[in-house]
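Biologist: I have not looked at this one before. Can you take me through it?
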Amino acid sequence: MNPLWVLSRATGFVSLLLLTVIMVVGVLVTRQQQVGRLPRFVLVGLHRNAALLGVVFIALHIAAVVYDPYVSINWIDAVIPFRSSYRPLWVGLGAVSLDIIVALVVTSLLRARIPAKVWRGVHWAAYACWPIALVHGLGTGDDTTRPLGIAVDALSTVAVLLAVVWRLRTPQQPEPEVRAATLLAQLEASRPTERVTR
């Protein structure tokens, strides 16, 4: 068995699982102070570390695919969508997902130097990364019909769907600035009015 083929498949599955963790935590944390008993900073740390680890596994996945002699995919095919001669649609979706991830990494590194709206807009594009990567794996991998592939894809899909349902059913907490203004207004309203005596 070709070790590069095994490495490309294994890193593809691990990358999808890490993207699932990133997606689930991102959906759960947005505007929430905590999820269950976990404070927000724990989930933000998990989100960030899973993203960093995900970038490493995606890089390993791409390197294994490019160096595997079984298929003819080069570095350009991994970056420019729908250019590959091997399964152009499915490999192209992988390239689209990679391009979104690269944009996320670059804007996150430049976050202090770019407008918040730009960073937020690119970060919103991250929500497209997971389903594109899932479809890429379903179309490209021959092992997605095997029990392990079915289990990884099903687990990832169920986890994201449950997170979205939980998010939609959980009342949103307002932004900290809005909460602070509301609290101040409530304090002002609860103060007893002073009578002016002459």
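Modeller: What follows goes from the whole chain to its helices and then to a few side chains. This is a predicted model, where local features need pLDDT of at least 70 and side-chain atom pairs count only at pLDDT 80 or more, while totals for chains, interfaces and linings use all residues. Residues are numbered from 1 along each chain as its sequence is written, and side-chain values use heavy atoms, with hydrogens and water left out.

Biologist: How many helices and strands does the chain have?
Modeller: There are 7 helices and 2 strands, in the order α-β-β-α-α-α-α-α-α along the sequence. Both are DSSP runs numbered from the N terminus: helices are H or I with at least four residues, strands are E with at least two.

Biologist: What share of the residues is buried?
Modeller: Of the 198 residues in the chain, 33% are buried. Buried means under 20% relative accessible area, exposed means over 50%, and partly exposed is in between, with a 1.4 Å probe and protein chains only.

Biologist: Let's take H5. How far apart are its end C-alpha atoms?
Modeller: They are 36 Å apart, which agrees with the 36 Å that its 25 residues should span at 1.5 Å a residue. The expected span is 1.5 Å times one less than the number of residues.

Biologist: Where does H5 bend?
Modeller: H5 bends by about 30 degrees at alanine 128, and proline 131 follows within four residues. The bend is the angle between axes fitted to the seven residues ending at a residue and the seven starting there.

Biologist: And what covers the buried residues of H5?
Modeller: The cover includes helix H1 (3–29), H2, helix H4 (88–109) and helix H6 (147–169). Among the buried residues of H5 are Trp119, Trp130 and His136.

Biologist: What about H2, what span should it have?
Modeller: Its 28 residues (40–67) should span 40 Å at 1.5 Å a residue, and the end C-alpha atoms are 41 Å apart, which agrees. Its buried residues include His61, Ala64 and Val65.

Biologist: Which residues does serine 8 contact, leaving aside its neighbours within four places in sequence?
Modeller: Serine 8 contacts His61, Ala64 and Val65, where contact means heavy atoms within 4.5 Å. Serine 8 is in helix H1 and counts as buried, at 1% relative accessibility.

Biologist: Changing topic, how many aromatic pairs are there?
Modeller: A search of the whole structure finds 2. Tyrosine 67 and tryptophan 75 form an edge-to-face pair, 6.0 Å centre to centre with 75 degrees between the planes. In the tilted pair, tryptophan 124 and tyrosine 127 have ring centres 5.3 Å apart and planes at 50 degrees. Rings of Phe, Tyr and Trp (its six-membered ring) pair if their centres lie within 6.5 Å; planes under 30 degrees apart count as stacked, over 60 as edge-to-face and the rest as tilted.

Biologist: Why are tryptophan 124 and tyrosine 127 separated by about one helical turn?
Modeller: Because they are 3 residues apart in helix H5 (residues 116–140). Tryptophan 124 counts as exposed at 55%, and tyrosine 127 as partly exposed at 27%.

Biologist: What lies over the face of tryptophan 119?
Modeller: Arginine 111, at 3.6 Å from the ring centre. A charge sits over a ring if NZ of Lys or CZ of Arg is within 6 Å of the ring centre and within 35 degrees of the ring normal.

Biologist: Last one, is arginine 167 buried or exposed?
Modeller: Arginine 167 is buried, with a relative accessible area of 17%. Arginine 167 belongs to helix H6 and is 6.1 Å from leucine 28, C-alpha to C-alpha, although they are 139 residues apart in sequence.
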